[in-house]
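Student: Could you walk me through how to read helix packing in a model like this one?
Tutor: Gladly; let us look at it together.

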Amino acid sequence: MIQGKKNWLGLLLMAVLMGITGSVLLKGQPLSLLAASLKHLKPQFLLLGIMMMVGFVGCEALCSYQILRRLGHKVSYRHCLGYSFVGFYVSSITPSATGGQPAQIYYMSKDQVPAAHGALNMMLIASCYQVAALLWGGSIWFFAPSVRGQMDGGLAVLLLYGGGMMVLLTVGMAMVMFLPGPTRRMGEGALSILTRIHLIKNPESAREKLEHQLSEYARGADCVKHNPGLVLRVLALCLIQQGLAFSVPWAVYLAFGLEGNGWIQVAGIQALLTLAVCNLPLPGAVGAAEGGFVSAFVAIFGESLVTPAMLVSRGISFYTFLLVSFVVSIVVHLRTSREARERALEEMAAAQTGTRVKAVRRYLSARAEGERIL
């Protein structure tokens, strides 16, 4: 698996945040009352919440499956599901979910999908995901005023920040894809300023990276122009994917046997809350997501149940799937490493003497990679 100090630092930071969050939110909460609240949960609705999260990961896998097949790669849906679990795990342990997409591209390349196609796949999914998040958030904000009223105080500030960042990212990505000339000039201007103030020490290398990124986005724009139907399908899947994740608190609401609030109220609050915290530089938005849940959902679950509801909801939508995705990521790592060794052995058997040394090197590299689990 992709390794390094950043992953371990992310896990350490997450553990610290979990400890602080738990101590703050559970302060003054007797464990006996907490256990009594959890004892009467209806298991069929907890299973429903888990299935919603399975669908969440499955929707992204279906996006990758459609895009990669359209690019000419005969990948299986099972492999795409593995990539999605890897993305969930690595995104969860890196600030602002920055590590998930590179990890997915890495394992796609291990399955002989060129990195350029893997990057294009993730770029299209990320673009549609951001648009879907804005569509959900905007629809709830404008058409469900009772839900909007739950986002007051600090949550309103976070929502303004999260929504603003999402708009900037989406507009920026659209500019890079469809207005390469102005984007190049803006990028070169930024590089010039950063070079003059000595924040960039190797401007030539930075310019090469800028050109590489612009060419990747140009390929993405070309794919969008020639495959509008594919883009619409991916956008629809992203809308469904997020709707499933936003519905997990609704399943928890039903599991507690509560009544009086509709799906749109519960899922709508979660949609706005997710938009508010998703761009915070925290692994898995740990701390902000839990604290925000307690503040936003107190009117839905009540003072006595909001903390148990938060534990169950985040337990289903994040912590359980963090563990599941970790296990699946190990399986994906072992599978791709084994298959890489097998391909290298086949190459060695078929290679002429002059190329056999390269095949042996690839085999040894694949073997060493397979021995590094983390």
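This is a predicted model: local features need pLDDT of at least 70, side-chain atom pairs count only at pLDDT 80 or more; totals for chains, interfaces and linings use all residues.

Student: At what angle do α6 and α11 pack?
Tutor: Axes are lines fitted to C-alpha atoms, for helices over the stretch in contact, and angles run from 0 to 180 degrees between N-to-C directions. Helix α6 (residues 115-143) meets helix α11 (residues 228-246) at about 55°, with the axes 8 Å apart.

Student: What classes of residue make up the contact of α6 with α11?
Tutor: Contact means heavy atoms within 4.5 Å. From α6 come residues including Leu124, Ile125, Tyr129 and Trp136, and from α11 residues including Val231, Leu235, Gln241 and Phe246. By class there are 15 nonpolar, 3 polar and no charged residues; Ala, Val, Leu, Ile, Met, Phe, Trp, Tyr, Cys and Pro count as nonpolar, Asp, Glu, Lys and Arg as charged, and the others, Gly among them, as polar.

Student: How is α3 oriented to α12?
Tutor: Helix α12 (residues 248-255) packs with α3 at about 175°, their axes 8 Å apart. That makes the two helices, α3 and α12, roughly antiparallel. Among the residues in contact are Phe45 and Met52 of α3 and Val248 and Leu254 of α12.

Student: Is Ser64 buried or exposed?
Tutor: Buried means under 20% relative accessible area, exposed over 50%, and partly exposed in between (1.4 Å probe, protein chains only). Ser64, in helix α3 (residues 43-70), is buried, with a relative accessible area of 0%. Not counting residues up to four places away in sequence, Ser64 touches Cys80, Met108, Asn121 and Ile125.

Student: What is the phi of Gln112?
Tutor: Most residues other than glycine have a negative phi. Gln112 has a positive phi of about 70° although it is not a glycine. Gln112 sits in the loop between α5 (100-110) and α6 and counts as exposed, at 56% relative accessibility.

Terms used
Residues are numbered from 1 along each chain as its sequence is written. Side-chain values use heavy atoms; hydrogens and water are left out. Helices (H or I, at least four residues) and strands (E, at least two) are DSSP runs, numbered from the N terminus. Angles under 35 degrees count as roughly parallel, over 145 as roughly antiparallel, 65 to 115 as roughly perpendicular and the rest as oblique.
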